[in-house]
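Thank you all for coming; I would like to walk through one model this morning, starting with a single chain and ending at the contact between two chains.

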Amino acid sequence: MLTKLSGGMVYDPMHGVNGKRRDIYIRDGRIVRKPSANTNIDKIIDVNNKIVMAGAIDIHTHIGGGNINIARMLVPEDHRADPVKRTKNTRAGSGYVAPSTFTTGYRYAEMGYTSCFEPAMLASNARQTHLEMADIPIVDTGAYVLLGNDDFFLRLLSKGADQQLINDYVAWTMHVTQAIAVKVVNPGGINAFKFNQRKLDLDDSNKYYDITPRKILKTLTRALHDLGVPHPLHVHGCNLGVPGNMQTTLDTMQAVEGLPMHMTHIQFHSYGTEGDRKFSSGAAAIAEVFNKNKNLSIDVGQIMFGQTITASGDNMMQYKAHVHAHPNKWVSMDIECDAGCGIVPFRYRDKNFVNALQWCIGLETFLLADDPWRIFLTTDHPNGGPFTSYPHLIRLLMDKSFRHDMLLSLNRHAQKVTNLASIDREYTLYEIATMTRAAPAKSLGLSGYGHLGIGANADITIYTDLKNKEKMFERPEYVFKSGQLIVRKGKIQQTTSGITHTVKPEFDRGIERHLKKYFDRYLTVSLGNFKISDDELRSYGKKTIKIHACQ
Amino acid sequence: MRVNIIVSYVHRTLTHDVIQPAQKQACFRYPFFSYFMAPLNQSKTFKDVTCPFCSLLCDDIVLNNQSGGLTIRQNGCPKAVRGFQRQDPHIQPTIHGKESTLDEAIAHAAEILGKARQPIITGLGTDVSGSRAAMSLAEITGAIVDHSHGDAAVKNIMVLQTSGWMLTTLSELKNRADMIIFIGTDGHSNYPRFYDRFVWQQDSLSGLKKNAREIVYIGNKLKTLKGISPDGKKPTVIKCTDESLGETVSVIRTLLNGNDITSKSISNRKLSDLKKLSGRIKHASYPVFVWAAGELIPAHSELTIHSICELVKELNKSSRAAGLSLAGSNGGVSFLNVCTWQSGYPLRVNYTAGYPHYDPYNYATTEVLGKTEADAMLWVSSFEADFIPPQTSIPTVVLSRPSIKNALDAEVYIPVGTPGLDHTGNLFRTDNAVNLPLKQVRQTGYQSVSDILSRIQDRL
Ligand code: SF4
Ligand SMILES: [Zn+2]
């Protein structure tokens with residue numbers, strides 16, 4: 001079956017195509033060359049003057065695994081307000097800030113997203129993460145495994161293990177948990193909290209292991225670099241949410257000595273202590289360093305006003321945050337000598353100084369960071385707000401006067417201290433396509449995704465060009481997943497099952513000798529049962545495992 | 001008719017449902033016989049087998065399959081022996097107690113569930129894929145879903161959904177807990193290997209030594225022998241009635257918060273014991289408070305669990321502490337998780353309106369059956385053969401581990417395989433963090449719950 005998408009305005013930053021009229025041909029799930037004149041075209045879809053982009057990719061969204069499932073369990077009131085009925089081709093479920101798995105898949109697809117990455121998979125909880133992702137229809141998924149707070153790693157470091165052994169352990173963990181990247185959350189801090197430490201700055205020592213976050217960051221960034229894993233270490237830094245943490249963030253940016261590093265939800269790490277309320281924006285200073293250091297990438301973690309729920313592996317900081325829980329209920333867990341989790345419902349209020357300024361800080365970061373190839377659009381779903389607010393966020397970035405109007409409705413004091421009003425930048429469609437398609441695909445090493453070149457997987461989203469960008473991005477005209485028409489005018493036409501993206505770096509299997517001893521002696525599952533085989537993973541429902549190349 | 005008469009004879013004469021060969025001949029045909037028995041004298045050993053028979057999911061079992069019969073060679077416990085070594089009878093599906101083919105039974109089950117205005121799908125002793133299939137069927141038939149352990153689970157869930165908690169997991173307990181306080185449970189009556197696997201360990205990641213833990217029991221008639229350390233140190237036992245557990249926890253909470261107790265309802269002696277205990281809790285580096293919702297008396301359990309969880313939160317203001325819930329055997333934790341990620345709610349969801357509607361009280365199995373709101377029931381019990389569904393006059397479809405008893409009473413009965421014995425799968429552990437894979441260790445030809453439910457769904 002050969003399909004032609006005829007006459008669309010194509011935005012394909014991977015190939016430098018900036019709004020050019022191009023026909024696109026799809027066959028067997030891929031984008032193919034223009035066929036010879038006498039080839040029969042089975043279907044022509046007229047997309048004249050419509051905006052054509054690759055399917056969007058969310059590089060950081062909490063959609064599957066123990067943390068988000070506890071979040072779901074915690075807030076029945078959230079679901080009750082947003083019931084989702086079964087239709088002839090979709091399953092029932094519920095929203096809103098912590099939606100059920102099926103609803104997650106449909107809502108992403110309806111917005112033109114075709115791949116989503118769960119950034120906080122605990123190795124000890126990897127099965128649950130993959131099981132849930134298997135129940136997220138349509139979109140492809142992948143997960144970043146957490147390292148850096150597990151006792152095995154910290155023991156290796158404290159004994160001065162050489163980098164090679166660490167690299168083997170990192171690669172082994174990625175294999176057995178079927179991960180595509182590695183994330184560290186509050187490096188060493190989740191572990192330190194188990195020993196009753198309440199704060200761990202970049203150069204503080206984890207009391208028990210005598211290891212600093214700096215050391216952990218250096219070791220893990222080096223490991224991923226050595227292994228050739230495409231996505232660099234995904235870092236949720238120290239001191240999340242603490243006024244004054246911008247200095248830690250600036251120091252962290254320099255801590256890895258030029259190796260690639262991704263700093264996630266940087267908005268939550270960009271706080272100063274200036275002004276009478278001892279809370280100020282660090283966005284400008286951080287953007288300046290970011291712009292200069294090409295080894296860094298960031299995602300923002302924009303906050304959106306309203307009710308949400310925060311779910312993080314960082315239970316050291318989430319424990320602190322529980323005093324702000326709204327409604328007043330929260331969960332914290334220490335998990336399996338591996339990591340932790342902290343779940344705190346929260347309401348961001350536009351009339352509250354701190355929340356209003358958080359909103360400004362996120363937008364300042366977007367607008368001051370000059371390279372859309374290194375900055376990704378996220379709300380850290382659901383931490384800053386649900387992913388369904390992306391169209392609104394895109395409008396804020398693309399429409400200065402809309403942004404300005406919104407700003408004027410916020411807490412007055414926050415309006416005074418932000419420099420947002422003075423920033424005129426408006427993101428272009430090309431830049432949006434970069435930060436939501438090409439750049440995440442490149443960063444994750446997803447070959448064949450995030451672009452519209454010949455041979456690419458035919459994940460394609462087509463919008464009607466509207467002045468109101470929120471409306472435009474909320475409801476694409478067409479969404480194709482691997483060449484299949486999934487969404488037409490915002491309605492799901494059919495559901496498919498996406499695939500699982502992984503990378504599998506090479507390593508010395510000898511590492512299992514160390515691990516076997518450790519598992520038998522200290523842990524409560526056997527080494528063999530810790531591993532998720534390809535067959536097991538496929539049996540969950542997503543039948544294809546794509547292994548992307550290491551570099 | 002003949003079949004029926006003989007079946008009822010079998011029913012009366014068998015104490016366990018291990019069928020004697022002669023009786024088997026008399027009442028059931030075995031079309032699968034030749035292929036589902038392993039060749040005689042063939043022996044195979046399986047290592048790292050996960051035991052599905054309680055929510056500790058011990059995964060160190062060494063199992064031998066000798067001509068289809070399983071024997072535990074290493075590790076395990078009496079519960080595991082009962083579960084793995086039970087010789088399941090070779091039986092056929094039945095409709096109204098009469099043998100049928102699997103196809104007929106599936107068609108009849110589909111008819112019952114398809115016709116029903118308000119079916120209930122419950123029991124749900126099954127693995128993750130069985131729970132997923134049950135949810136899918138519930139959506140299509142507009143059913144209520146609940147679990148056999150729902151009454152206990154809901155006590156925990158109510159505490160979670162009103163105030164939350166701070167919990168830990170089994171590996172954390174094993175490596176960090178220098179003090180373990182059992183409240184209303186001894187930890188091992190329903191979780192037999194709890195102490196052997198997690199408490200009396202040689203060493204730990206945090207430097208905690210083998211005999212160094214303090215064990216405390218609060219409750220009535222608890223079996224405290226397991227709490228004696230390998231070097232003979234006795235546990236602390238605080239006796240109190242089941243009804244006063246919550247109050248005792250509240251007293252400890254008050255004392256830990258630095259307040260004094262003026263209540264007359266507590267004896268001076270007990271108060272002094274509790275004061276000493278509070279002092280030690282304050283100085284422990286990682287005390288873990290263990291409860292089992294199913295072992296608390298229902299009228300008081302929610303309050304007791306709530307008190308424990310608030311106590312733990314308060315302790316964490318200055319030092320570390322955590323709770324651990326023992327619950328969710330019979331696939332319970334797995335069902336709660338699947339139900340949550342698919343519907344948004346952990347259990348007791350009704351799909352009649354096309355979307356999940358949650359009511360943790362009114363959609364309890366006993367409530368629904370008692371008020372005759374349901375007009376058909378699907379009961380699933382793939383771990384326990386003789387877990388009999390609740391009495392009801394409405395048509396009942398039963399899927400269970402092969403059971404003569406169940407075969408006789410249900411309108412439609414379909415014997416199913418046991419996850420971790422007859423087919424692979426996975427289950428969640430009591431701590432709600434770990435999920436373990438199950439192996440297939442024998443060939444009986446019985447299909448999994450998810451296979452049968454999908455086939456029923458295909459007929460709708
Ligand atoms: S304690 Fe539970 S999981 Fe472990 S062997 Fe016994 S029944 Fe099985
Ligand atoms: Zn995040």
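This is a predicted model: local features need pLDDT of at least 70, side-chain atom pairs count only at pLDDT 80 or more; totals for chains, interfaces and linings use all residues.

When I say helix or strand, I mean a DSSP run, H or I over at least four residues for helices and E over at least two for strands, numbered from the N terminus. By that count chain A has 20 helices and 26 strands.

Residues are numbered from 1 along each chain as its sequence is written, chains are lettered from A and ligands numbered from 1 in the order in which they are written, and side-chain values use heavy atoms, with hydrogens and water left out.

Turning to chain B, there is an open sheet of 9 strands with mixed pairing, in the order β5-β4-β18-β17-β16-β6-β7-β14-β15, where two strands pair if DSSP finds at least two bridges between them. At the edges stand β5 (98-99) and β15 (357-358) of chain B, each with a single partner strand, so one side of each is left without a neighbour in the sheet. Within that sheet, β6 (residues 119-125) and β16 (residues 376-381) of chain B run parallel and are joined by 5 bridges, with Thr122(B) standing opposite Trp379(B).

Pairing also crosses between the chains: β18 (residues 330-335) of chain A runs parallel to β8(B), with 4 bridges, and Val331(A) has Trp165(B) as its bridge partner there.

Which residues make up the contact, counted as heavy atoms within 4.5 Å? Chain B gives 66 residues and chain A gives 62. Between chain B and chain A there are 8 salt bridges, each a side-chain nitrogen of Lys or Arg within 4 Å of a carboxyl oxygen of Asp or Glu. One salt bridge joins the side chains of Arg86(A) and Glu139(B), at 2.8 Å from N to O.

Terms used:
Contact means heavy atoms within 4.5 Å.
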